[in-house]
Amino acid sequence: MQKEIVEKVFHCLDFEVSIQGQLKQGAAWLAEKIGRFKLNDSLLEYSDLSRVVELEALLAVTQERIALWVTLNSLSITDIRFKDFKFSLILSQSELQLEELKTYHCSAIKKAFASNH
């Protein structure tokens, strides 16, 4: 849903998604897939540390997304091109998602670094 909103914002601003932008998206997708194929505790199984790393990546992406919605929300006050967008609602949803991710991250850290003694 949020990706479609960003695409609509680009359209309102008469921006086009360039080939370079599409290549960056493809590279990010590939890097994410390669990142899942790593030597940690085991090659074929999902480790507790993998979960921590993935949650940290999700936290970073979510924080960047929140920054985007904050910017667009502040612009929507004065820019009529954004009058039909509900950025404050999307911002609230992203902030709730961030809090939920923080909870999962905290649990994952405890599990990954728990003493096995």
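In helix α1 (residues 2–12), the residues Q2, I5 and V9 are buried, where buried stands for under 20% relative accessible area, exposed for over 50% and partly exposed for what lies in between, with a 1.4 Å probe and protein chains only. Seen down the axis of α1, these buried residues fall within an arc of 55 degrees, so they line one face of the helix; the arc is that of the directions from the helix axis to the C-beta atoms. On the other side of α1, K3, K8 and H11 are exposed. The buried residues of α1 pack against α3 (48–76) and α4, and just after α1, D14 takes a positive phi of about 60 degrees.

This is a predicted model, in which local features need pLDDT of at least 70 and side-chain atom pairs count only at pLDDT 80 or more, while totals for chains, interfaces and linings use all residues. Residues are numbered from 1 along each chain as its sequence is written, and side-chain values use heavy atoms, with hydrogens and water left out.

The secondary structure of the chain comes to 4 helices and 0 strands, taken as DSSP runs numbered from the N terminus (helices are H or I of at least four residues, strands E of at least two). Buried residues make up 20% of the 117 residues in the chain. Among contacts (heavy atoms within 4.5 Å) between residues at least 6 apart in sequence, 73% join residues at least 24 apart.

Leaving aside residues up to four places away in sequence, V9 touches L72, F82, F85 and F87. In soluble globular proteins, nonpolar side chains tend to be buried together.

In helix α4 (residues 87–112) lies L91, which is buried with a relative accessible area of 11%. With residues up to four places away in sequence not counted, L91 touches I66, W69 and V70, and the C-alpha atoms of L91 and L68, 23 residues apart along the chain, are separated by 8.8 Å.

The count of salt bridges comes to 5, each being a side-chain nitrogen of Lys or Arg within 4 Å of a carboxyl oxygen of Asp or Glu. The table lists some of these pairs.

| Salt bridge | N to O distance |
|---|---|
| R81 and D79 | 2.6 Å |
| K83 and D84 | 3.4 Å |
| K102 and E99 | 3.5 Å |

K102 and E99, being 3 residues apart in helix α4, are separated by about one helical turn. Salt bridges that share partners also join D48, R51 and K111 into one network.

F113, found in the segment after α4, counts as exposed at 59% relative accessibility.
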